[in-house]
Structure formats: structure tokens, C-alpha cells
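Good morning, colleagues. I shall speak briefly about disulfides and cavities, and I ask you to keep the structure in view as I go.

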Amino acid sequence: MNRKAVWALLAALALVVAACGGGEGGDDTTTTGRPGTTAPSEATTTEDMTTTTEAMSELGTEENPIQVLFVPSVSAEEIIAGGDLLAETLNAATGLVFDVQVPASYAATVEEMCANPGASMGFIPAQAYVLGNELCGLEAALKAERFAYTEYWAQYLVARDSDYETLEDLAGASWAYPDPGSTSGFLFPSGEMTAAGVEWGEELEAGSHDGAVRAVYNAEADFGTSFYSPYTDLEGNSGWDGDAANADVPDPDSCAINADSEIQCGDFIVRDARRNLREELPDVVQQVRILTVSAPIPNDGLVFGPDFPDDIQTEVVEALVAFAADDRDGFATAFEAYSWDNVASTSDADYDAVREIVQALGITIDDL
């Protein structure tokens, strides 16, 4: 089996181990959670503690903002525009200061969080969370609700006029995927193809879900993988019956950009990764079809560094939940790049299925 991309992921995330282990040894200072603070000795007086506290930069200030990290699943410009709106809204609700960042890769996002465990929060997909949880103890707080689903799927895309009919037909075909750290773009497809005995051909790391779709459209790869969210009716209700064979929107020849700048096909709206290219490639659905979709994947979500202060985490989570409930349009605008509609509670156990695939592919701390 071609495992180049798996080992590329391991090599890329090797830096995370160094980042997460950087605080061990060489310093006997005991941290108390907030960056830059130390536990006072028994001889420290109350006056000394007050002076020390005043000299420190509290988390969530201009001098020590909370890092808000987003994975580069689409263009950084789109993400930052929504991230800035989110930061402004959370600042208005909490008085805290946030610094929005989009690292260069999924691995770099995990690395940044592990390197700054007491001041970072991130919006990351399931595979990145599982690896980060194992590497440095990242903690899941919320997961996305997207078009009424708290789960999504990987989709296998091929040219509409191609002869591919089954997953097994992809043996030897060239594969475009977003990033080795992408759960829907790489992890689930590689796991499913490995289990099915499908040995794919050449690989193209497209850099984003948009890039994987574009590669198939431009015939740069035989098939691509990206996220799948079911198409909806005009009222926003899912139109998909859950059968992988029916994952593509009906009547693709009727697809056109409607007055709301969405891809409308008859009475349905496209919601999968092809939607992101609707302005650049308005005929993308006519040219690129869904071969099949994967098993369900827990949605991406909000994750905190392992040493992030509990009281501030609670404040941020409550503010985000309120934002989603009280200003649906504003929330949708802030998360337009990720197509989030709402948030729901989550726990580490929700990611066990992803963890099993990571383990089946041999991606572990020991390998790193």
C-alpha cells in the first residue's frame, strides 16, 4: 500500500512532540494555569503576591491575548475575515482580547496549541484533535452543527464523465487530497481504501478542500477527497436519504447559481465542498460528481489547550453558545468558511471512532 502521505503526516507532526515536550525539565517552577505565573513559596507574603500578580500580564489582555487558531481548510483570507468578526463578538461579550491566526497546515495548528497550552483555543477537525489530545492533552469543548448535523462525511469526487463506479475502481488512480491532517480529506479515505484493499496511484496534496475539488475539475487528479455535507431543500432541510449511492444532488444538469449566490439544482441546494468553488467554477457540479461517501465523522469543533484556565474557558464557551443562539446570521457569517450553523456539547468519547482509525493506520505517539 502507498503510505507516503501517512509518513508525511508523521514527519510533519514530529515537530508537535518537541513543542509539547518543551516545558519539561530545566525549570522547577510550578505553573498555576495562566501563562507567566508561578506558584509562590511558603515564605512569600501576601504583599509580594499582590505585587507579582500586578506585574504579570493577565490572559485575555492586549499584552497577552488568547490565541484563536483555525486550520487552513479553505483560504486564509476567508477564515480570517470570519475569525475577526468572532473575536470582536467574543470581546464584546467577555471583555477578553483575542488574536486570530491561521497556521500553514493542520500539523502547525496542533503544534501551536501544544506550544502555548495555557493561552490557546482552536477550531480543528477530529483527526487533529485526536492527535493533539494524545500529544499534549488538548481538550474538546464544543462541536459544530452544520445544516442540522453534528457529523459529516468524506466524499470521493471524480469527473462526471469518468467510468468510475465503485471505490474499488479507484485502484491505481491518482488522488488529490487537501492535507494529510484532514480527517475527511485524508484520514477516513485512506483508512477506508486500505481496508478495501484499494492501492491508489500518485498523490497530489492540494492544500485545501477547494484545491482537491479543483484538481478533479482540472483533470489534475483522477479522484479527490473532501468534506461532504448533505444537500438541502430550499427550506434548509436535508434532502439526502442517507444512502451513499444517493449522496450527489439530483438532476445536476439543472444546477445554476441562484439569487442567494448558492448552487441550486432543481429544488435542492448543494452544501458539500464543491459549493466553495461556486463563484470561481459555477459549473463545478456539472463537471464533478460524488462517487460515494464515507462512514460518519464527528464534526470539527472548539478545542482548548490543556492548561487553559477553566474559568476563562467557561466564559468563552458560554459566549460562543450565546452568539449562536442570539445572532444566527452573525454566527453564520463568522463561520461561513466552515459552514457552521450552531454548536453542540461534545466530549472526548465522541472521537473514539476517529481514534480507532488513527490507531489502525499506525499513527501513534510511539511512531512520532
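Predicted model: local features only at pLDDT ≥ 70, side-chain atom pairs only at ≥ 80, totals over all residues.

Let me begin with a question: does C114 count as buried or exposed? The relative accessibility of C114 is 4%, so this cysteine counts as buried. The cut-off applied here is under 20% relative accessible area.

C114 has a partner. A disulfide joins C114 to C136, with an S to S distance of 2.2 Å. C114 belongs to helix α4, residues 106–115, while C136 belongs to helix α5, residues 126–136, so the bond ties together parts that are 22 residues apart in sequence. C136, at 16% relative accessibility, counts as buried too, because the limit is 20%. As for the geometry, the angle about the S-S bond is -75°, and the link of C114 and C136 is left-handed.

How many disulfides does the structure hold? There are 2. The other pair is C255 and C265, whose sulfur atoms are 1.9 Å apart. Which hand does the disulfide of C255 and C265 have? Its torsion about the S-S bond is about 105°, so it is right-handed. Both C255 and C265 are buried.

If we count the bonded cysteines along the chain, the disulfides follow the pattern 1-2, 3-4.

I turn now to the empty space inside the model. In general terms, a probe the size of a water molecule, rolled over the atoms, shows where empty space is left. In this structure there are 3 cavities of 30 Å³ or more. The largest cavity holds about 220 Å³ of space.

What lines the largest cavity? Its lining comprises 19 residues, and those nearest its centre are S73, R146, H209, F227 and D300. The elements that give two or more residues to this lining are strand β3 (120–124) and helix α6 (183–195). By residue class, the lining of the largest cavity divides into 10 nonpolar, 7 polar and 2 charged residues.

To summarise, I have described 2 disulfides, one joining C114 to C136 and one formed by C255 and C265. I have also described the largest cavity, with 19 residues in its lining. Thank you for your attention.

How values were computed
Residues numbered from 1 in each chain as written. Heavy atoms only, no water. Disulfide = S-S within 2.5 Å. Helix = DSSP H or I, 4+ residues; strand = E, 2+ residues; numbered from the N terminus. Buried < 20%, exposed > 50% of the residue type's maximum accessible area, 1.4 Å probe, protein only. 1 Å grid on protein atoms, 1.4 Å probe; cavity = no way out; pocket = protein on both sides within 12 Å on 5 of 7 lines; lining within 4 Å. Points joined across faces, edges and corners; volume = space filled by probe spheres on them. Nonpolar A, V, L, I, M, F, W, Y, C, P; charged D, E, K, R; others polar.
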